[in-house]
Amino acid sequence: MIAVAIDGPAGAGKSSVARSAAKKLGYLYADTGALYRAVGLYMQEHGVNFTCPEDIAAVAQQGEITVELAFQPDGQHVFLCGDDVTGKIRTPEVSMAASRVSAVPAVRKLLFQLQRDMALKNNVLMDGRDIGTVVLPDAQVKVFLTASPEERARRRCAELQEKGTPAEYETVLQEIRQRDEQDMNREIAPLKAAPDAVLLDTSELSFDEVVDRLVAIIREKTA
């Protein structure tokens with residue numbers, strides 16, 4: 001089995017790019033960030049104090065949270081405790097919640113084996129924050145996909161506008177910088193490029209150009 005690990009900051013386009021590249025290559029696409037978003041949503045809906053890692057850990061260890069990825073014709077669906085939450089986990093609030101819970105070891109333990117099992121059973125493109133460094137350190141291909149905070153904010157604003165939920169550019173930019181700060185400075189599995197990862201900066205590239213470059217990197221590394 002071939003494993004491709006794609007890491008990078010929030011808003012770099014990892015999910016959409018990886019999904020398209022996986023389709024071209026005939027690989028399974030696994031958005032692991034969606035798993036953490038689902039746990040963040042659970043904590044949010046149950047009123048857990050995000051400033052208290054001990055509270056987050058206690059809830060994660062209760063054994064009541066189940067998260068699954070289902071691969072359906074229209075793409076990946078995320079199930080939280082049996083309910084399809086695919087459409088509920090893409091808000092800025094859930095994004096910040098995901099960043100908070102992902103820093104808690106008990107949450108990472110909860111989701112770790114699920115991620116590893118997917119790579120053992122499939123040719124997979126897996127994206128997240130620590131795939132190449134922690135989850136799949138032996139992946140045949142590792143890519144660190146990034147873009148400037150300003151470009152990521154611009155893309156996010158365009159995405160929200162298209163969804164009918166517009167947001168102020170400066171607010172989105174501030175949220176992205178805050179998310180970067182949290183992800184890069186957490187004690188457990190901080191966001192960073194693996195030493196053997198290929199850096200792919202998408203700031204000046206179109207979507208199709210990014211997909212083509214990613215596919216080329218994967219084919220070259222697995223030839």
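This is a predicted model: local features need pLDDT of at least 70, side-chain atom pairs count only at pLDDT 80 or more; totals for chains, interfaces and linings use all residues.
Mentor: Residues are numbered from 1 along each chain as its sequence is written, and side-chain values use heavy atoms, without hydrogens and water.

Trainee: What makes a space a pocket?

Mentor: On a 1 Å grid over the protein atoms alone, a pocket is an open set of points where a 1.4 Å probe fits, with protein on both sides within 12 Å along at least five of seven lines. Lining residues have an atom within 4 Å of a point. Its volume is the space filled by probe spheres set on the points, which are joined across faces, edges and corners. Here that is about 270 Å³ for the second largest pocket. Of its 13 lining residues, the closest to the centre are Arg19, Lys23, Tyr29, Gln72 and Gly75.

Trainee: Which elements give two or more residues to this lining?

Mentor: Helix H1 (14-25) and strands S2 (28-31), S3 (67-72) and S4 (75-80). Helices (H or I, at least four residues) and strands (E, at least two) are DSSP runs, numbered from the N terminus.

Trainee: Why is isoleucine 131 called buried?

Mentor: Buried means under 20% relative accessible area, with a 1.4 Å probe and protein chains only. Isoleucine 131 has 0%, so it is buried. The residue sits in helix H6 (residues 131-135). Beyond its neighbours within four places in sequence, its contacts include Ala5, Ile6, Asp7 and Met126. Contact means heavy atoms within 4.5 Å.

Trainee: What makes strand S1 mostly covered?

Mentor: Five of the five residues in S1 (3-7) are buried. In a regular strand the side chains alternate between the two faces of the sheet. Ala3, Ala5 and Asp7 are on one side of S1, Val4 and Ile6 on the other, and all are buried.

Trainee: How do you know that S1 and S6 pair?

Mentor: Two strands pair if DSSP finds at least two bridges between them. S1 and S6 (residues 124-128) have five, in the parallel sense. Isoleucine 6 has aspartate 127 as its bridge partner there.

Key. Buried means under 20% relative accessible area, exposed over 50%, partly exposed in between (1.4 Å probe, protein chains only).
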